[in-house]
Amino acid sequence: MKQLTTLLIITLTALFAGAYNPDENTGMMWFREKAYEHALAPLQRAAKAGSLPALDALGQMYQNGWGVKADKTIMMNMYNKAILKNYAPAMYHLGLYYYKAGDESKGIELLEKASNYGSADASMALGEAYVNSDLEKALKYFKHAEENGESTAHYRIAFCYYNMKDYSNAFDILNEARRRRAMTNDAKFMLAALYYDGQGVSKDLDKALELVTELKKDGYEPAIKCYDEIYEEANKVTAPVYPGGYEALYSFLRKNARKPTAAIPSALNGTATVEFTITPTGEVTGHDYVRRCFFKVDEEVLRLSKMLRGWTPSTRGGKKCSTVARLSMSFYPAYKAEIKFVRVK
């Protein structure tokens, strides 16, 4: 029993010793802080002990001249040692190096290998490499990046769908990202464009304006440039239209008006005004007096206003809305009628 306990302690000690590498931890801490002169020595010791993150970090330092003199030979040595152990970040960095240096086939090969080992960075790089030539491939890699935790990939996925004219999928991706509060400014702007144009979703200028307003406050240049246009469109109002237009409206009123009578004709003198609402369905409702003159005139104007049905409703920002209208009429000494649209609501 004592021997078994001793063996267990030795095994656990070995495991923890392998998991904890103080040089790697120290070196990577300084590396992430960009304090490369402090990172160099502990990373070198960690790399000699077989640390894959240290090898990759040193590869980047010798590639870019961070805290050391740039040295392609050492860079290759560091990256390739890590790649032999299938370390995806090193595959990604060396693949990107080859791709940018003009050896695209070798770069793509390494990036694809890194992507297969779960590198979201490599998948994003491959998506960008194909986005202008093969949207299907780009979409595949952007999706792979998102599956591996890349939170900004949703915009590039939506971008692919948008350029494939699959606006419905583009909208779904962006709307879900917004629901999860994982939107970039580029993604917000694309979602605003979909609402503005009514692509993949019902046209909604209010929502487009809401998004562009948020972006404008953040100083997002494309939103600043188009804000005025979207604001104007979102607040644009069209008046309701009676069947046949104004001419038909006034013709109807004249034809159907019943001239009131009074013992003293001058008692009819004055104008009665009735206010009512034209609903989004074109019906009329909510009739009430704004001005009265003589009860028979008042009643006749109210009766006529209730007959004015079948309107094409007003719109605000492209959406049907209610309009408050006023019909004013007088019969003495001469017939006169006028309708005004007071406000939309």
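Two strands pair if DSSP finds at least two bridges between them. Strands (E, at least two residues) and helices (H or I, at least four) are DSSP runs, numbered from the N terminus. The model is predicted: local features need pLDDT of at least 70, side-chain atom pairs count only at pLDDT 80 or more, and totals for chains, interfaces and linings use all residues. Residues are numbered from 1 along each chain as its sequence is written, and side-chain values use heavy atoms, with hydrogens and water left out.

**View 1. Strands E6 and E7 form a hairpin.** E6 and strand E7 (residues 336-344) pair in the antiparallel sense. Their pairing runs over 8 bridges. Thr-323 stands opposite Val-344 in E7.

**View 2. Strand E6 (residues 323-330) is largely enclosed by the rest of the structure, because 7 of its 8 residues are buried.** Buried means under 20% relative accessible area, with exposed over 50% and partly exposed in between (1.4 Å probe, protein chains only). E6 also runs antiparallel to E2, joined by 7 bridges. In that pairing, Thr-273 faces Ser-328 of E6.

**View 3. Strands E2 and E3 form a hairpin.** E2 covers residues 272-278 and E3 covers residues 284-291. They pair antiparallel over 5 bridges. Ile-278 has Val-284 in E3 as its bridge partner. Between the two strands lie 5 residues. Gly-282, in the turn, has a positive phi of about 90°.

**View 4. Three strands make an open sheet in the order E1-E4-E5.** The pairing is antiparallel. E1 (237-238) and E5 (319-321) stand at the edges. Each has a single partner strand, so one side of each is left without a neighbour in the sheet. E1 and strand E4 (residues 314-316) are joined by 2 bridges. Thr-238 sits opposite Thr-315 in E4.

**View 5. Helices H4 and H6 pack at an angle of about 20°.** H4 spans residues 52-64 and H6 spans residues 88-100, with axes 9 Å apart. Axes are lines fitted to C-alpha atoms, for helices over the stretch in contact, and angles run from 0 to 180 degrees between N-to-C directions. That angle makes H4 roughly parallel to H6 (under 35 degrees; over 145 is roughly antiparallel, 65 to 115 roughly perpendicular, the rest oblique). The crossing is left-handed: the near helix is turned anticlockwise from the far one by less than a right angle. Asp-56, Gln-60 and Gln-63 of H4 meet Pro-89, Ala-90, His-93 and Tyr-97 of H6, where contact means heavy atoms within 4.5 Å.
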